Every structure is written in C-alpha cells, then in structure tokens.
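Here is a friendly briefing to read with the model open beside you. Take it one topic at a time, and look up each residue as it is named.

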Number of protein chains: 2
Amino acid sequence: MFEQLGLVGCGLMGGSFALALKRAKLVKRVVGYSKSPSTTERARQLGVIDVAAPSALLAVSGADLVLIAVPVGASESTFKAIRHGITDQMLVMDVGSTKGDVIEAARRGLQDQFNSFVPAHPIAGKELAGVEHADAALYLGRQVVLTPVKATRRSNVQRATQLWTGIGAKVVNMTPEAHDRAFAAVSHLPHLLAFAFTNAITADPEGARFLELAGPGFRDFTRIAAGDPAMWRDVLLANREQVLQQSQAFRAALSQLETLMQTGDALALEERIAAASHARAQWQPGSSTSPD
Amino acid sequence: MFEQLGLVGCGLMGGSFALALKRAKLVKRVVGYSKSPSTTERARQLGVIDVAAPSALLAVSGADLVLIAVPVGASESTFKAIRHGITDQMLVMDVGSTKGDVIEAARRGLQDQFNSFVPAHPIAGKELAGVEHADAALYLGRQVVLTPVKATRRSNVQRATQLWTGIGAKVVNMTPEAHDRAFAAVSHLPHLLAFAFTNAITADPEGARFLELAGPGFRDFTRIAAGDPAMWRDVLLANREQVLQQSQAFRAALSQLETLMQTGDALALEERIAAASHARAQWQPGSSTSPD
C-alpha cells in the first residue's frame with residue numbers, strides 16, 4: 001500500500017494506472033500534473049487524480065510512488081524536472097513502449113537517484129488517447145515488462161512487481177535490449193506499416209472511393225494506424241535502429257512473395273502463404289486475451 | 001424465388017449463400033458439388049445442400065440458379081465443366097475476389113452461354129474456411145459488387161440484384177477494372193503485407209519469443225494473415241499487376257517514413273503519422289458495420 005502517487009502525465013496510460021490503484025485500494029492519494037493545465041484539471045474533475053499540481057516537481061514531492069507517463073521523447077526533461085523531489089524511499093516507474101532510450105534519459109535526468117527507477121512497459125493501450133478514456137481495467141490480464149538494470153534497487157523491483165500484480169497485470173522481466181528488439185518486431189513495425197499503408201491509400205487519386213469499399217479485413221489491419229501521433233513519433237525515433245532492422249526483414253519477406261507472384265510460381269506462393277496462415281492460426285496472445 | 005440452386009464449391013462462401021437463400025425462402029432445393037467428395041458429403045449432412053451431385057455438370061443441370069464458389073484459379077476449368085449444363089434461362093454467378101480474370105475465364109469456359117453470367121464479389125468472409133463455418137448471416141449488411149460487362153444479360157443483372165438484396169446484402173455496380181484496382185488497394189495488398197510480416201517474424205531466430213509478447217495490436221494487424229492459402233494464392237496471382245502497383249505505392253510511403261526516422265525529422269514524422277491517424281479515425285466501414 002502506498003500513501004501518495006505522484007503522477008506526471010495524466011493521459012490514458014497514467015490515468016488508467018491511477019484509477020486501477022484506487023480501485024485496488026493500493027494508494028491513498030493521487031497528485032497529478034500534465035503539461036496542459038486543462039488536462040490536469042479534467043483529470044481532477046474526473047476523479048482520476050485528487051490534487052492538481054502546478055509542476056511535475058510538485059506532483060512528485062512527498063509521494064512514495066511516482067509514475068512518469070509521458071511520450072518517451074519527453075522522458076529526459078521530465079526526469080530532470082522531478083530530480084530534486086526524488087528520495088531514496090520512492091519507487092519511480094515509467095510506462096514507455098521503448099526502454100533503452102528511457103533508461104538513458106533516466107540516468108541523465110535522475111543522476112544519483114537513478115537507482116530508484118524501475119523501467120516498466122505495460123502492454124496495453126487504446127486508440128483513444130486522453131484522460132477521458134482512462135480505464136481502471138486497462139491493465140487487467142495484460143503483461144507488464146520490467147527491464148531493471150544493474151543499478152536498479154532490487155527492493156524497488158519487488159515493490160513494482162507486487163504493485164502491477166495487485167492491479168491484475170502479469171509481470172515479465174527482460175533486459176532493455178531484448179525488450180526493444182521484441183517490441184520493434186511485434187508492435188513498432190506493425191504500427192509503421194499501418195501508417196505507411198494508410199498514407200499510401202489516401203495519397204491515391206482514387207483513395208476516397210477505395211475506402212468506401214473497404215471491409216472488415218481493412219478495418220482490423222489498420223486499427224493501429226489511428227494511434228496517437230506524438231506517442232508513436234517518439235517510439236519510432238527512440239527505437240529506430242531496431243525498427244529499421246525489422247523493416248528490412250519485412251521488405252525481404254515482401255520481395256519474396258512479390259517475386260513468386262511475378263514469376264507465377266503458384267506452388268511456392270501457396271507454401272509461403274500457408275506458412276504465414278499456419279503461424280498466425282497457431283498464435284495465442286500471451287496474456288492479452290481480453291479485447292481492447 | 002428460384003426452384004433449384006446448383007452450387008459448385010460447398011465451402012464457406014458457397015455454403016453460406018445456400019443457407020442464406022434457404023433461410024430467406026428464395027430457393028426450394030440446393031444441389032451441390034465440391035471437388036472433394038468428403039466436403040460434398042459434409043455439406044449434405046449439415047443441411048447446407050439437399051442433394052450431393054457427383055460432378056459440377058450434374059450439380060448445375062436442371063438448376064435455374066448457379067453459384068460458382070471455387071478459388072478464382074479454378075474458375076476456367078469449372079466454367080468449362082458446367083458449360084453444357086447451362087441454358088439461357090439460368091442465372092450464373094461467382095463470388096470471386098477478383099473480377100477481370102474470372103470474366104475472361106467465363107468467356108473462354110462458357111462461350112455462347114457467357115451472357116448468362118453475372119460476375120459478383122460479396123465483401124464478406126471469415127478466417128475459418130470450410131463448410132463447417134458456413135453461416136446464413138455471412139452476407140447480411142455486407143456490400144456485394146456486381147461487375148457486368150456489355151454481353152451480360154440485363155435481366156440477369158436485375159435478378160442478381162434482387163437476390164442479393166433479398167438475403168440482406170447491399171449491391172454496388174462497378175466495372176471489372178475499377179473493382180480490381182480498388183480491391184488490390186483495400187484488400188489484396190493488406191493480405192500480402194500481413195503474410196509478409198508474419199513470415200518475417202517467424203523467420204527471425206528469436207521469432208517465437210517475440211510472439212509471446214505480442215498484444216492486441218499484433219492480433220488485429222495479422223488477423224487476415226490466417227486466410228485460406230489456396231484462395232489467396234489465386235487472388236494474388238489473378239490480380240498481380242494491380243497488387244504489385246499498389247505495393248510500390250506502399251513501399252514509397254514506407255520509405256518516406258523510414259527516411260524521416262533516419263534523419264530524425266520529428267516534426268515531419270509526426271505530421272505523416274497524424275495524417276494516417278486522422279484518415280483512419282475518420283473512416284467508416286461502407287456497409288460492413290457488423291463484426292465478422
């Protein structure tokens with residue numbers, strides 16, 4: 001049980017974390033701050049936070065638990081802003097979709113308080129950003145990846161594990177490098193492809209007519225293209241090396257299929273489609289069984 | 001109201017058509033044939049067809065309505081096989097996802113009976129192929145594209161329109177060329193990309209571990225990768241020129257995003273993501289509002 005959560009970033013992810021902790025009675029009070037004063041105020045009106053703080057530093061001061069839930073590109077400036085409010089007793093976490101860059105930002109920003117920080121990535125989200133869509137059940141049944149490094153205080157990793165478990169999530173531990181490689185493959189690249197695909201259609205002179213004919217396959221394939229632009233800009237930039245490497249592998253697989261189409265090699269084409277179809281049919285979501 | 005449906009291909013699409021006509025009391029009797037005798041027999045046991053025919057020709061003989069529901073690559077041999085059973089009084093349709101190639105196959109296969117044929121593409125489907133998944137509601141609320149050509153008997157286009165409307169579908173008329181261009185963009189290319197993406201992940205030495213971490217974004221993005229290999233092999237080959245052209249446009253859009261990542265142009269990257277996000281958020285499914 002924590003006394004006070006200092007929440008920096010009262011959007012979908014941060015707001016849902018606050019609501020989940022309140023529902024599970026794991027925190028007594030939430031003090032929140034968002035860059036936009038109207039967001040902070042809306043979070044207070046919605047009961048997501050109890051007190052609106054006028055700065056990130058004042059949001060974390062006096063807290064025993066801190067969550068940084070900002071686009072990953074804003075990590076370093078946020079860590080710098082809160083540094084003088086962090087004590088050895090605090091557990092500090094983030095929710096970023098990339099880990100290597102956030103850890104470096106925390107190292108630079110938190111300096112001698114870096115070992116209070118437990119890097120965390122809950123595999124959850126919605127296409128509807130903003131505190132209005134915050135949901136106490138967002139993390140229920142989801143996986144949360146923790147990527148502690150050598151300097152990370154062990155007791156904080158334990159506390160983080162208990163906390164996420166307490167709101168119904170399943171904790172997985174990985175190195176930051178393995179995390180960033182895996183999520184480049186299964187999350188960041190699909191987003192990049194969905195953005196590119198959607199842009200290609202809208203750039204077509206006949207695009208608007210095409211879209212009228214699109215069905216449920218298009219609907220599901222492009223759902224993630226509606227993601228939050230600022231968040232995904234930062235993720236793609238922060239993890240660019242891994243994403244570009246995965247994109248090269250994807251292009252090679254695409255070229256292989258295209259060559260089989262061009263040469264009319266029906267047998268081999270069917271074999272490659274069957275391999276994909278089989279792999280996808282076999283796949284079971286890790287812990288992500290509930291629809292979002 | 002039709003007396004007898006001759007169904008060639010008792011899979012998901014054909015079986016669902018038969019069930020829908022029966023439910024709407026638009027046909028008295030269904031005689032069916034599938035290449036695999038066990039499929040034909042299962043269709044009879046499930047009540048999808050009333051009589052199992054030993055050949056495509058015998059399935060259509062004596063019918064006043066014929067539906068060809070086979071992978072598009074099997075169109076020409078199927079039309080040839082039934083040609084001598086087709087009369088001027090019959091309405092013959094298909095359900096293929098490509099239209100230019102099926103029309104040419106019908107011209108060659110049906111010869112002087114070509115004008116009985118109304119090319120049709122119902123925009124519906126499931127990842128679960130086979131007569132076991134046939135569903136009387138598959139076409140309910142869906143769009144059906146008819147692509148009649150100059151030779152097509154007008155009275156048959158009218159009858160086809162009434163028939164699809166009678167089972168709850170919405171009929172759209174297009175030229176075969178416009179159809180194939182549009183569906184290359186909104187359906188065939190997404191399938192190709194989903195196959196390539198899935199193959200790239202499984203080819204990665206760490207692919208199996210990556211997949212354990214995949215969440216709901218991956219789930220929806222790759223749903224169509226589980227499609228029927230024989231069907232999609234034929235579609236990608238039949239419409240290859242349009243699909244490869246759309247793929248080039250996609251690659252250009254992907255390269256644009258990759259360049260912005262490489263150069264670290266955060267502003268322009270966010271703008272391109274925002275354009276995709278906005279377009280996708282604005283999109284409303286034409287008539288395909290029900291989940292499949």
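Apart from neighbours within four places in sequence, T78(B) is in contact with V8(B), I68(B) and V70(B), where contact means heavy atoms within 4.5 Å. This is a predicted model, in which local features need pLDDT of at least 70 and side-chain atom pairs count only at pLDDT 80 or more, while totals for chains, interfaces and linings use all residues. Residues are numbered from 1 along each chain as its sequence is written, chains are lettered from A and ligands numbered from 1 in the order in which they are written, and side-chain values use heavy atoms, with hydrogens and water left out.

**Around T78(B)**

- T78(B) lies in helix α4 (residues 75–82) of chain B; helices (H or I, at least four residues) and strands (E, at least two) are DSSP runs, numbered from the N terminus.
- T78(B) counts as buried because its relative accessible area is 9%.
- Buried means under 20% relative accessible area, exposed means over 50%, and partly exposed is in between (1.4 Å probe, protein chains only).

**Strands and a crossover in chain A**

- In strand β8 (residues 143–146) of chain A, Q143(A) and V145(A) point one way, while V144(A) and L146(A) point the other way; all are buried.
- Strand β7 (residues 120–122) of chain A pairs with β8(A) in the antiparallel sense, over three bridges. Two strands pair if DSSP finds at least two bridges between them.
- Opposite A120(A) you will find L146(A), in β8(A).
- With strand β9 (residues 170–173) of chain A, β8(A) pairs in the parallel sense over four bridges.
- V171(A) in β9(A) is the bridge partner of V144(A).
- A right-handed β-α-β unit is made by β8(A), helix α6 (residues 154–166) of chain A and β9(A). A crossover is right-handed if, with the strands pointing away from the viewer, the path from the first strand over the helix to the second runs clockwise.

**Where the two chains meet**

- The contact takes 87 residues from chain A and 87 residues from chain B.
- The size of an interface is often given as the accessible area lost when the parts come together.
- About 7900 Å² is buried between chain B and chain A, and carbon and sulfur atoms give 67% of that area. Buried area is the accessible area (1.4 Å probe) that two parts lose on being put together, summed over both.
- Eight salt bridges are found across the interface of chain B and chain A. A salt bridge is a side-chain nitrogen of Lys or Arg within 4 Å of a carboxyl oxygen of Asp or Glu.
- R251(A) and E258(B) meet through their side chains in a salt bridge (2.7 Å, N to O).

**Salt bridges within a chain**

- Over all chains, a search of the whole structure finds 35 salt bridges.
- One joins D112(A) and R83(A), with the closest N and O atoms 4.0 Å apart. This pair links distant parts of the chain, 29 residues apart: D112(A) is in the loop between α5 (100–110) and β6 (117–118) of chain A, and R83(A) is in the loop between α4 (75–82) and β5 (91–94) of chain A.
- D112(A) is exposed, with a relative accessible area of 56%, whereas R83(A) counts as partly exposed at 23%.
- K99(A) and D94(A) form a salt bridge between their side chains (3.0 Å, N to O), and both K99(A) and D94(A) are buried.
- E76(A), K80(A) and R108(A) are linked in a network of salt bridges.

**Positive phi at K25**

- K25(A) is not a glycine, yet its phi is positive, near 55°. K25(A) sits in the loop between α1 (12–23) and β2 (27–33) of chain A and is exposed, with a relative accessible area of 65%.
- K25(B) also has a positive phi, of about 55°, although it is not a glycine. Its place is in the loop between α1 (12–23) and β2 (27–33) of chain B, and K25(B) counts as exposed because its relative accessibility is 64%.

**Cysteines**

- C10(A) is buried at 0% relative accessibility, and C10(B) is buried at 1%.
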